[in-house]
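This report covers aromatic contacts, model confidence and sheet architecture, in that order.

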Amino acid sequence: MPTKGYVVIASTKVFFYLSAINLIESIKEFDKNAQVTLYTEERFLDGQEWVADQVEFIDNHTRAKLKGMALTPYDHTFYIDADCEVVHNDISTVFDLFDDNDIVFTALPDDRAYCFAQHYFPGGKLHLCGAVCLYDMTKPIVREFMNDWYDLTVEQYAGRWWPEDINLYPKNLSRWDQFSLWWLVNKTPKYKNLKIGIFDDDSRWNYYSSYRAGHNTLPVVIQHYSALKSGVQESLGV
């Protein structure tokens with residue numbers, strides 16, 4: 001049987017570490033059998049990290065989350081952004097939702113475009129959200145994809161990689177790891193047969209705090225507080 005577990009990553013700011021602790025506690029509350037690995041920086045540890053089953057150290061890169069995703073110790077992994085909270089016990093069913101896919105995301109559909117900082121660009125549109133991700137690391141192609149996503153994003157953020165046609169792919173997209181994800185899925189022949197899925201009723205698995213009501217038919221499973229992040233950090237001084 002494949003091993004199953006959650007991966008949570010907290011780097012760059014103590015705010016994300018504190019949020020990650022809250023997320024892990026909420027996972028454990030609604031999935032009593034959950035195994036969780038926390039990737040974080042050693043400087044953040046304050047004794048609360050015991051809530052995770054395993055703690056590993058990671059560097060201070062703004063996209064360290066992709067490295068942690070690639071390093072997962074679990075065969076079947078569910079990654080959740082640190083600034084989220086589990087609010088429903090359907091979380092315990094998530095590992096049953098592959099539906100013959102290799103990787104499963106939530107979407108960035110047109111009816112929620114009002115919530116996204118950037119969606120369309122001349123060469124296409126961002127359509128996969130990296131805030132949560134269910135993936136099968138028993139498959140070599142998935143392992144390669146996760147590592148390539150991290151490596152390409154590091155190059156992108158450092159300004160060492162970008163598509164030649166900046167008219168189709170303007171440089172203001174370079175701040176999003178969703179663009180490196182888009183590029184690998186849509187423009188990289190190596191991954192043309194990778195089976196990418198979207199969760200059914202997907203907004204319940206990644207319900208942004210700024211969503212309007214009506215995007216999901218069943219109760220929300222994961223509440224995402226990303227839109228409130230800056231205000232919360234400012235109030236906490238972190």
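In this predicted model, the charged end of R212 sits over the ring of Y114, 3.7 Å from the ring centre; the criterion is NZ of Lys or CZ of Arg within 6 Å of the ring centre and within 35 degrees of the ring normal. Because the model is predicted, local features need pLDDT of at least 70 and side-chain atom pairs count only at pLDDT 80 or more, while totals for chains, interfaces and linings use all residues. Residues are numbered from 1 along each chain as its sequence is written, and side-chain values use heavy atoms, with hydrogens and water left out.

A search of the whole structure gives 24 aromatic pairs. Rings of Phe, Tyr and Trp (its six-membered ring) pair if their centres lie within 6.5 Å; planes under 30 degrees apart count as stacked, over 60 as edge-to-face and the rest as tilted. Two of these pairs are tabulated.

| Pair | Centre distance | Plane angle | Class |
|---|---|---|---|
| Y169 and W183 | 5.4 Å | 85° | edge-to-face |
| Y207 and Y211 | 5.2 Å | 85° | edge-to-face |

Helices (H or I, at least four residues) and strands (E, at least two) are DSSP runs, numbered from the N terminus. Y169 has 7% relative accessibility and so counts as buried; W183 is also buried, at 19%. Buried means under 20% relative accessible area, exposed over 50%, partly exposed in between (1.4 Å probe, protein chains only). Y207 and Y211 are both buried. One aromatic cluster is formed by F121, W161, W162, Y169, F179, W182 and W183.

The chain has a mean pLDDT (the predictor's confidence in each residue, from 0 to 100) of 93, and 95% of its residues reach 70 or more. Over residues 229-238 the pLDDT is below 50; this stretch has twelve contacts (heavy atoms within 4.5 Å) beyond near neighbours in sequence. Where pLDDT is low, the predicted coordinates should not be read in detail.

Seven strands form an open sheet of mixed pairing, in the order β3-β2-β1-β4-β9-β6-β10. Two strands pair if DSSP finds at least two bridges between them. β3 (54-57) and β10 (196-198) are the edge strands, each pairing on one side only. Strands β6 (residues 103-107) and β9 (residues 128-136) run antiparallel and are joined by four bridges; the bridge partner of T106 in β9 is C129.
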